[in-house]
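Please examine the sequence and the structure shown below.

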Amino acid sequence: MTEELLGREYQDGEVICRQGDYGDCLYVVQRGQLVVLHEKDGRTAVVGELNSGEIFGEMAIFERLPRSATVKAQGNVLVLTLDRRAFLRAVHEDPSLAYRILQMMSHRIRMLTEEVSRLQAA
Amino acid sequence: MAPVLENGSRVAVIGGGPAGSLFAYFLLTFARRVDLDVAVDIYEPRDFTKAGPIGCNMCGGIISETLVQALAVEGIDLPPTVVQRGIDSYVLHTDTGTVRIDTPLRERRIASVHRGGGPRDLEERRWGGLDGHLLSLAQQQGAQVIASKVGDVGWDNGRLEVRGKTTTRSYDLLAGATGVNSIGWQLYEKLGLRSRPPQTVKTYITELKFGSAMVTKYFGSSMHLFLLPLPRLDCAAIIPKGDFLTVCLIGRQIDDDLIARFFAHPSVKRCFPESWAPAPGACHCSPKINVREASQPFTDRVVLIGDCGATRLYKDGIGAAFRTAKAAARTAVFSGIAAADFKRHYWPIYHSIARDNQYGMVLFGIVDWIKMLRPLLRGILHTASVEQYSPNGDRRMSLVLWDTFTGSAPYREIVLRTLTPRFLGGFLGGSLRAAALSWRERSRAPR
């Protein structure tokens with residue numbers, strides 16, 4: 001890893017957060033691509049991918065529930081970790097900090113709605 | 001009617017450092033969110049691509065953990081062409097010993113950058129400065145950069161007038177982001193701002209050319225902090241960059257003698273190769289830093305952001321520029337541009353920075369006192385180094401040191417954390433253990 005990069009490096013296949021675990025941080029992808037996996041009844045499905053600049057892990061922060069999915073590195077990636085307390089303190093001072101997260105969540109709901117509708121039509 | 005920004009409103013930003021650029025960036029971003037069409041001009045005569053003081057806003061060049069994280073959440077990228085080194089730890093040097101403290105997860109959470117085009121003895125330009133990067137982000141949002149000094153300002157029928165070298169333009173709002181190292185205060189007074197200007201002290205910064213491989217070998221990705229019992233020196237830092245080391249000294253009347261005594265101190269010499277000595281003629285400056293805020297940072301249609309208003313004491317000045325710039329932009333777009341709007345929505349953030357600095361004064365006062373008391377200093381180092389191997393993850397002292405010297409938490413919170421019985425008990429216990437160890441070592445030493 002070059003010295004000019006920020007965050008923590010994860011190798012190909014390394015898990016950043018695991019479905020079912022309790023988490024007290026959220027993440028921002030700095031470089032590289034990650035895959036989002038969901039496990040149900042012993043079967044694992046790829047439910048999305050994450051790219052540079054994207055935020056994940058926010059659901060466990062707002063809902064205080066176990067992680068809803070597993071996120072794995074695809075190739076070498078760099079991820080920045082934000083701990084819950086520091087993040088919520090910053091949002092408390094400046095609620096507009098959460099705007100981009102809302103935007104991303106809204107985009108993900110839109111994608112999910114389309115997916116549900118596609119599955120129902122099939 | 002109280003003034004607000006409307007479609008077609010024009011905003012002048014005096015100064016294109018981080019505060020000015022971030023203000024323009026957020027103002028234009030927020031305006032777009034509510035379909036408000038405003039024009040922003042940034043007056044910045046400097047060319048941040050030029051090496052040496054001519055293209056530099058003179059500063060240590062550290063982007064704190066909190067700011068790195070806030071920028072990441074905002075989607076403001078700090079590319080490897082700007083970040084010279086990701087910092088994952090700091091090493092505290094005192095004359096009784098050294099301790100290294102890592103970030104949680106050993107993550108590179110702090111960025112070291114050059115503010116301008118780089119030191120004047122730069123040979124190869126591999127990185128761009130932070131200021132140029134932020135200014136170009138503001139331009140991408142639609143801000144215009146006017147590469148000229150502001151000659152004069154005034155009022156014309158309730159609108160602001162800004163006179164450049166050849167042109168006079170009128171505006172609805174003016175954001176002052178001139179820092180404390182350029183002339184700007186008279187302009188604000190002309191516009192009717194009645195305020196006590198910020199109080200400043202002089203610092204000393206020098207850029208040592210060391211070579212990338214040598215920087216990595218001797219300083220790694222750690223920020224090195226020095227608490228030494230040298231009279232007039234409050235604290236010092238060596239910040240590893242790409243090919244250079246930035247050395248910052250904060251204290252009173254920093255002169256050649258104090259600088260020489262700093263580099264000659266055994267704790268500093270130990271960090272460098274044996275034969276190394278500071279080369280004469282290295283790029284250096286003595287910028288002022290804001291140590292007490294301007295008492296009144298706004299009037300109707302005028303708001304001061306960044307260092308010419310308030311900043312965090314000694315640490316995270318760029319973080320304070322971010323906070324004040326964003327709060328002022330938020331106020332202007334979502335509330336209004338009258339003094340009453342800034343009082344209601346901007347002042348709480350501004351005042352919280354200023355009030356927190358009072359706790360910072362107390363904290364740095366304690367640090368100043370402790371660095372003269374070797375048994376307590378040894379206690380701090382011992383407690384922090386034991387914590388690095390603590391199986392239960394109890395890192396109270398390390399976190400207090402980390403947050404104090406990196407500016408990652410409000411000073412008030414740090415002071416309150418040190419006042420708990422567990423912290424004080426741990427510190428006292430650590431000091432006694434360190435004293436016992438030191439006594440044992442001395443009694444074993446051959447006479």
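H93(B) stands opposite T98(B), which lies in strand 6 of chain B. This is a predicted model, in which local features need pLDDT of at least 70 and side-chain atom pairs count only at pLDDT 80 or more, while totals for chains, interfaces and linings use all residues. Residues are numbered from 1 along each chain as its sequence is written, and chains are lettered from A and ligands numbered from 1 in the order in which they are written.

**Terms for strands**
- Helices (H or I, at least four residues) and strands (E, at least two) are DSSP runs, numbered from the N terminus.
- Two strands pair if DSSP finds at least two bridges between them.

**Strand 5 of chain B and its partners**
- Six bridges link strand 5 (residues 89-94) of chain B to strand 6 (residues 97-102) of chain B in the antiparallel sense.
- These two strands form a hairpin, with two residues between them.
- Strand 5 of chain B also runs parallel to strand 14 (residues 222-227) of chain B, joined by six bridges.
- Within strand 14 of chain B, S222(B) is the bridge partner of S89(B).

**An open sheet in chain B**
- Three strands in the order 3-7-4 make up an open sheet of chain B with antiparallel pairing.
- Strand 3 (62-63) and strand 4 (85-87) of chain B each have a single partner strand, so one side of each is left without a neighbour in the sheet.
- Three bridges connect strand 4 of chain B with strand 7 (residues 110-112) of chain B, where S112(B) is the bridge partner of R85(B).

**Contact between the chains**
- 20 residues of chain A are in contact with 25 residues of chain B (C-beta atoms, placed from the backbone, within 7 Å).
- Strand 6 (70-83) and helix 2 (84-93) of chain A each supply at least two residues of the side of chain A that touches chain B.

Terms used. Contact = placed C-beta atoms within 7 Å.
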